[in-house]
Amino acid sequence: MPAHASSAIPLALDQLREHLDVGPGEVPGLLERLTQVPDPRDPRGVRHALSFVLALTACAVLAGATSLLAVGEWIADAPPQVLEGLGVCPDPVLPRRLVPAEATVRRLLTRIDGDALDRAVGGWLADRRPASAGLRGLSVDGKSLRGAAKARGRKIHLLAAVEHTTGLVLAQLDVGEKTGETRRFQPLLDNVADLAGTVVTSDALHTQREHASYLLGRRAHYIAIVKGNQKNLRKQLKSLPWKDIPLQGRTHGTGHGRAEIRRIKVATAGNLRFPGARQAVQIKRRRTDRKTGKTTLTTVYAVTSLTAEQGTPAQLAKLIRDHWKIEVLHYVRDTTFAEDASQLRTGNAPRAMATWRNLAVGALRMNGVKNIASGLRRNARDARRPLELLGLA
């Protein structure tokens, strides 16, 4: 390697460290967060700082890259002002020497600590989420990466915590092949710094006494859907005198080719067989298929730790309905980012790309972008826009 090129590398790293300085009381930037991710590489021969490679990858995905090949192409075309925004001055003689190749990015993401990367990204998003008015809802739900399984890789199932109002992914964990979602519920929420006053919603799988006790211990609330895995509690809820309780809310909605009417009743009860439960909820859903005209009626029961003063029937109905906004995130990742079509399967790379997609969606939504596909196309037209959205410019 020429002498001027080898000397440029430590100089670039020194400039990057200066870029990462955070004063007391300041909110850490993305590069600062990414420096907390352990570097899996042997220090000998490392040419590119870990946070530099990760930040470039994040920018590429925010510009619409859906594969590692596309990430490598975006990085190869990154103009000098993008590198300067990350604290690296290009070598005037060999400008490409300070830019990682696609093979470098692939090897790095394959070996990256997925938990540490998710903590870094989740922490960055949490620091910047707008203050919520009223009750703050947090959905817990899982999603499988089907493409990795089709490519004969290991089954990857990710459990995420997503804020209702903003759609930001504040935490994410790999469930693993030998464990279930229920065992990862508490470790997932351990990564959310402040749960006090938050209402955690989930499907019936997570209606577990241990989960309820954990949330109460963190001064959070829950709304738990009750089905067959809590037979005694469901029996108790069904036996409440619902016919004597007046209707307390009615909403209409359309979507997925059907019209739906939801009616809610709420009863305060002090002897519910679930830790900290203060109110029982009954929701009757009347769904009509708009093509066939077929109508179905479903009754759903739930319990919540919110008292009548803390959560009105209208608020409870909204929290339960907003839980399923997490499906919007899954839909965007599947359709806009072609996540289920991706057959990336090596090591932690599939999970790392899912993390970058979460970051891209979150960064766009925090900046008021509602149409994610349109936002990605706009970013692709100017390589500086991803840096601006990530606070790197």
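**Close-up views of a predicted model**

View 1. The model is predicted: local features need pLDDT of at least 70, side-chain atom pairs count only at pLDDT 80 or more, and totals for chains, interfaces and linings use all residues. Residues are numbered from 1 along each chain as its sequence is written, and side-chain values use heavy atoms, with hydrogens and water left out. Leu233, Gln236 and Leu237 are the buried residues of H11; buried means under 20% relative accessible area, exposed over 50% and partly exposed in between (1.4 Å probe, protein chains only). These residues lie on the same side of H11 because they cover an arc of only 100° around the axis, the arc being that of the directions from the helix axis to the C-beta atoms. Lys231, Asn232 and Lys235 are exposed on the other side of H11.

**View 2. Aromatic pairs.** Rings of Phe, Tyr and Trp (its six-membered ring) pair if their centres lie within 6.5 Å; planes under 30 degrees apart count as stacked, over 60 as edge-to-face and the rest as tilted. Tyr222 and Phe274 form an edge-to-face pair, at 5.6 Å centre to centre and 75° between the planes. Tyr222 belongs to strand S5 (residues 221–226) and Phe274 to the loop between strand S7 (258–268) and strand S8 (279–289), so the pair ties together parts that are 52 residues apart in sequence. Tyr222 counts as buried at 3% relative accessibility, and Phe274 at 5%. Trp242 and Tyr301 form a tilted pair, at 6.2 Å centre to centre and 40° between the planes.

**View 3. Nonpolar cores.** A nonpolar core is a set of buried Ala, Val, Leu, Ile, Met, Phe, Trp, Tyr and Cys residues joined through side-chain atoms within 4.5 Å. The largest has 97 residues, and those with the most contacts inside it include Leu54, Val303 and Trp356. Helix H3 (residues 50–62) gives the most to this core, with 11 residues. The core lies between domain 1 (30–112 + 346–390) and domain 2 (115–341), because both give residues to it; the domain bounds come from an automatic or database domain assignment. A second, separate core of 15 residues includes Ala302, Leu316, Ala317 and Leu319.

Key: Helix = DSSP H or I, 4+ residues; strand = E, 2+ residues; numbered from the N terminus.
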